[in-house]
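User: Can you walk me through this one? I'd like to start with how you define a contact.

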Amino acid sequence: MNRGFAFHGAVLGGFCLGFGAVLAVTNRLTEADIAARANEDRQASLGQVIPDDIHDNDLLTDVLTIPAEPGREVTVYRATERGAVTGVAYEVSGTGYAGQIRMMLGVGADGRVLGVRVLAHRETPGLGDKIEVKKSDWIQRFGGLALGNPPVEKWQVKKDGGQFDQFTGATITPRGVVAAIRDGLAFFSEHQTQLTEVHQDVR
Amino acid sequence: MSDSYGTIARDGLWDNNGVLVMLLGMCPTMAMTNTATNGLGMGLATAVVMAASSLLVATFRRWITQEVRIPVYILIVASMVTLVDLSMNAWMHELYKVLGLFIPLIVSNCLPLARLEAFAAREPVLPSLADGLFMGIGFTLALTAIGAVREVLGSGTLFADAALLLGPAFKFMELRLLPEHMGVLMMILPPGGFLVTGLLVVAKRMVDVRAGKPIQMAGAHSAG
């Protein structure tokens with residue numbers, strides 16, 4: 001087997017080319033289905049934080065992009081009924097015990113929380129995962145609350161002098177969640193006019 | 001030949017089990033066995049990838065030269081993993097949401113690579129397919145067993161969310177054996193994975209000793 005570099009290179013290159021082609025074809029075949037599934041997922045998570053009966057539009061098509069801190073944009077899904085904005089939903093994230101906790105936050109036009117659900121997290125199973133709605137109803141207590149109700153300084157876990165329960169054995173996780181929702185509500189009040197005005201040219 | 005297929009099956013499932021004897025693929029083993037369902041799902045995905053890549057390597061083995069075989073194996077395993085990843089995302093989306101994060105981990109599993117090098121590179125197509133398949137099934141059984149022990153001790157349930165993985169018809173598999181809050185948390189954390197894997201390795205050897213079999217030493221190349 002005393003063949004040169006070029007031969008082995010050609011063999012490896014041939015295999016790369018062949019499998020590259022297979023993957024390209026698979027990608028073409030699955031692309032549309034994957035995009036459709038991702039849309040369904042987003043629709044489902046939006047449906048959990050914005051009640052169906054307050055809007056008559058398609059949440060996925062009424063989208064605003066708002067620059068937050070430099071280099072980061074927030075995609076806002078708007079719920080409208082007969083042309084008036086009744087609520088908005090956007091992703092917020094907090095720092096938990098094991099990395100980022102991503103949540104979808106729904107806020108009514110009056111600034112009250114419509115609902116909030118955890119999209120992804122890596123918290124300890126059995127301790128921090130009580131933020132998931134299927135493990136515990138803890139996350140549902142935020143519904144109806146707003147900045148000012150309770151007052152801003154009470155938007156903390158009890159251990160830090162606020163009004164929200166931590167779980168036994170896990171304080172960092174709820175602390176991250178509470179802070180993320182508080183910041184999300186602050187984002188709403190900062191951009192309230194922009195979020196709720198109905199001009200079509202805003203996007 | 002039937003005898004040799006029997007040997008291949010016994011090797012993969014028990015005698016030369018990827019996890020319990022060769023101790024390969026520890027990364028997915030530790031990461032994905034906090035419930036029996038997770039172990040089962042990860043194992044099945046790995047089995048598909050192993051069978052497909054063994055088949056491909058055995059088919060192309062005359063063209064895969066000695067010098068470039070390792071990159072070609074990795075290329076083939078990675079392509080199969082991507083294929084499984086894309087098609088599951090598109091057509092088995094519920095399952096994908098459970099396993100999606102862990103499918104790319106199969107690339108880092110050295111069990112498929114070890115079987116390609118030790119078996120598929122030298123044997124004809126069909127025995128290689130059988131080897132990949134049975135090694136994969138053996139891996140699945142080991143992961144499911146480890147997952148079951150950890151889940152019962154850690155959360156008090158068995159096969160939680162099995163319906164999500166296998167379909168609503170399998171709802172009956174979801175059992176609660178201990179009352180909630182009774183579980184030992186450590187068992188579903190990484191230390192529990194090492195403990196249970198170690199205990200199962202010991203248990204397997206004790207069964208072999210009882211049966212009067214010689215002890216197999218760990219080694220990826222002992223089968224050929």
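This is a predicted model: local features need pLDDT of at least 70, side-chain atom pairs count only at pLDDT 80 or more; totals for chains, interfaces and linings use all residues.

User: OK, what is Ala142(B) in contact with, leaving aside neighbours within four places in sequence?

Analyst: Asn17(B), Val19(B) and Leu20(B).

User: And how many residues of chain B are in contact with chain A?

Analyst: 23 residues of chain B, against 18 residues of chain A. On the chain B side, helix 4 (residues 69-91) gives the largest share, 12 residues; helices are DSSP runs of H or I, at least four residues, numbered from the N terminus.

User: Switching topic: how do helix 3 and helix 7 of chain B cross?

Analyst: The axes of helix 3 (residues 36-59) and helix 7 (residues 125-154) of chain B come within 7 Å and cross at roughly 165°; axes are lines fitted to C-alpha atoms over the stretch in contact, and angles run from 0 to 180 degrees between N-to-C directions. Helix 3 and helix 7 of chain B are therefore roughly antiparallel (angles over 145 degrees).

User: Which handedness does that crossing of helix 3 and helix 7 of chain B have?

Analyst: Right-handed, with the near helix turned clockwise from the far one by less than a right angle.

Notes:
Residues are numbered from 1 along each chain as its sequence is written. Chains are lettered from A and ligands numbered from 1 in the order in which they are written. Two residues are in contact if their C-beta atoms, placed from the backbone, lie within 7 Å. Helices (H or I, at least four residues) and strands (E, at least two) are DSSP runs, numbered from the N terminus. Angles under 35 degrees count as roughly parallel, over 145 as roughly antiparallel, 65 to 115 as roughly perpendicular and the rest as oblique.
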